[in-house]
Amino acid sequence: MHSFDHITPTTLSEALELLGRNNGTAKVIAGGTDLILQLRNGLQSPDLLVNIKRLEELRGIRYSEDSGLEIGALTTLREIHRSEIVLRHYRCLSDAASRMASEQIRAFATIGGNLCNGSPSADQAAPLLALDASLHLVSREGSRIVPLENFFIGPGLTDLKAGEILQMISVPKPSGKAVFIKHIPRAFMDISVVCVAIRLVLEGNQCLTARVVLGAVAPTPIRAHEAEGILAGSIEPDKIARAAKLAAEASKPIDDAKGSAWYRKRMVETLVARGLASLVE
Amino acid sequence: MKKSVLLNVNGDLQELFIEPHRSLLDVLRNDLGLTGTHRGCDTGNCGACTIHVDGLAMNSCLLLAADYDGSQIITVEGVASNGELHALQKALVEYGGIQCGFCTPGIVMNALALLKDNPAPIESEVRARLSGNLCRCTGYVKIVEAVLSLNRESDLAQV
């Protein structure tokens, strides 16, 4: 492995100063489950690793009925899986965490890392997109809030700038019902071939808000806007099938070892129809 | 540049002077001679390198030792007490849950962590937890039976 220096700051401002001073040559390490493999494979070769695990400012799960949820970027997948707050109010996020990797990996892999790594198959991204999450990014110069939908740029590429750290993820107060479906050939320990997160706000027979999010079937996790559009208004039986078809059309999957593009498109249609039916019942 | 790192490993304080790119797995095996923690895939898939870090089971191949300065580490060498195997280790032997034995240290560490989270798991919970450990000999049946065989009250007092 390429050799690098290593510093463990104890405050956020110290960490931001280090990143700002080592512009572009420093890399943040949180859980490290993705980064360490990238370092070994030569895909990343920083001169300095800034270990952010001691930053209290990036920890904790907070909830209020008025403002919703805040999740510190260092929150582990294990903590999200087991959080009573998340289970009660944002169950799809806990469900997604519970299906990722193994318990050993979930004990140190973080939600912030899952997003900042920018993988199209990041399983925390799909439910967070369905929940209209935003990211709080901080740098030595200041801070900004980015809707998660604008954060992903391409495989491994995000809007996170050199010198910036993801501090926390905020999610609006709970609204409607949501579901997360992960399609993998094995029961556990697999990367999504396709994953789907759907949220519907229903009032009687009327759908007030629809979110249909697809993972692992495009260069980034995506919202299927046309499918969402057709779901608005009264829910009629044929709308589910039409929305599922539109979602499949919105996907742009590739052929790889996990599945062909042809198969993935068909699974998008199947899973979106299944997810919608489960919410409408 | 090398860094000074202090670890508590199986109750002993270890002061190390190491390069920051080195994994905890590498340091345990090559600097501390604790070769019970095994290197399988070195990518976080097989679980042979599972250890406890501050009370949680983790894959030591994906941890940089420098990141865990000040942590409490338990390896499989720290599980037996006074020369006597832990009840889980005895059960694995008794039920034939070990064959070649390569995956066994990782299974022991992950199953102990499961029993700490959930002292009376049902079969599906044992299987879900052990999905983080690959075994190519047993087909898992005997491993799962061994974990389920423990009499929780008495056997786990020593976890």
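How many residues of chain B are in contact with chain A, and how many of chain A with chain B? Keep that in mind as you open the structure, which is a predicted model.

**Stop 1: the interface**

Colour the two chains separately and look where they meet. Here 31 residues of chain B are in contact with 27 residues of chain A. Together the chains bury about 2,400 Å² between them, with 56% of that area on carbon and sulfur atoms. Now select B:H21, B:L62 and B:D67: in chain B, these lose the most area to chain A, and together they make up 25% of what that side buries.

**Stop 2**

Next, show side chains on both sides of the boundary. There are 4 salt bridges between chain B and chain A. For one of them, select A:R78 and B:D117; the closest N and O atoms of this salt bridge are 2.8 Å apart.

Which elements of chain B give two or more residues to the side that touches chain A? Select β4 (56-59), α3 (104-117) and α4 (123-129) of chain B to see them. Of the elements, β4(B) gives the most to this side, with 4 residues. If you colour this side of chain B by residue type, you will find 12 nonpolar, 12 polar and 7 charged residues.

**Stop 3: a hairpin in chain B**

Move on to residues 3-9 and 12-18 of chain B, which are strands β1 and β2. The two strands run antiparallel and are joined by 7 bridges. Pick B:V9 and you will see B:D12 of β2(B) standing opposite. Between the strands of this hairpin lie 2 residues, and B:N10 takes a positive phi near 55°.

**Stop 4: A:H136**

Finally, go to chain A and select A:H136, which sits in strand β6 (residues 134-139). Is A:H136 buried or exposed? Its relative accessibility is 16%, so A:H136 counts as buried, the cut-off being under 20%.

Now show what surrounds this histidine. Leaving aside residues up to four places away in sequence, A:H136 touches A:R144, A:I145, A:I165, A:L166, A:Q167, A:M168 and A:S170. Zoom in on A:S170 in that list: its side chain and that of A:H136 are joined by a polar contact of 2.9 Å.

Notes. Residues numbered from 1 in each chain as written. Chains lettered and ligands numbered in written order. Predicted model: local features only at pLDDT ≥ 70, side-chain atom pairs only at ≥ 80, totals over all residues. Heavy atoms only, no water. Buried < 20%, exposed > 50% of the residue type's maximum accessible area, 1.4 Å probe, protein only. Polar contact = N/O pair within 3.5 Å; in protein donor to acceptor, adjacent residues only side chain to side chain. Contact = heavy atoms within 4.5 Å. Buried area = accessible area lost by both parts, 1.4 Å probe. Salt bridge = Lys/Arg side-chain N within 4 Å of Asp/Glu carboxyl O. Nonpolar A, V, L, I, M, F, W, Y, C, P; charged D, E, K, R; others polar. Pairing = 2+ DSSP bridges.
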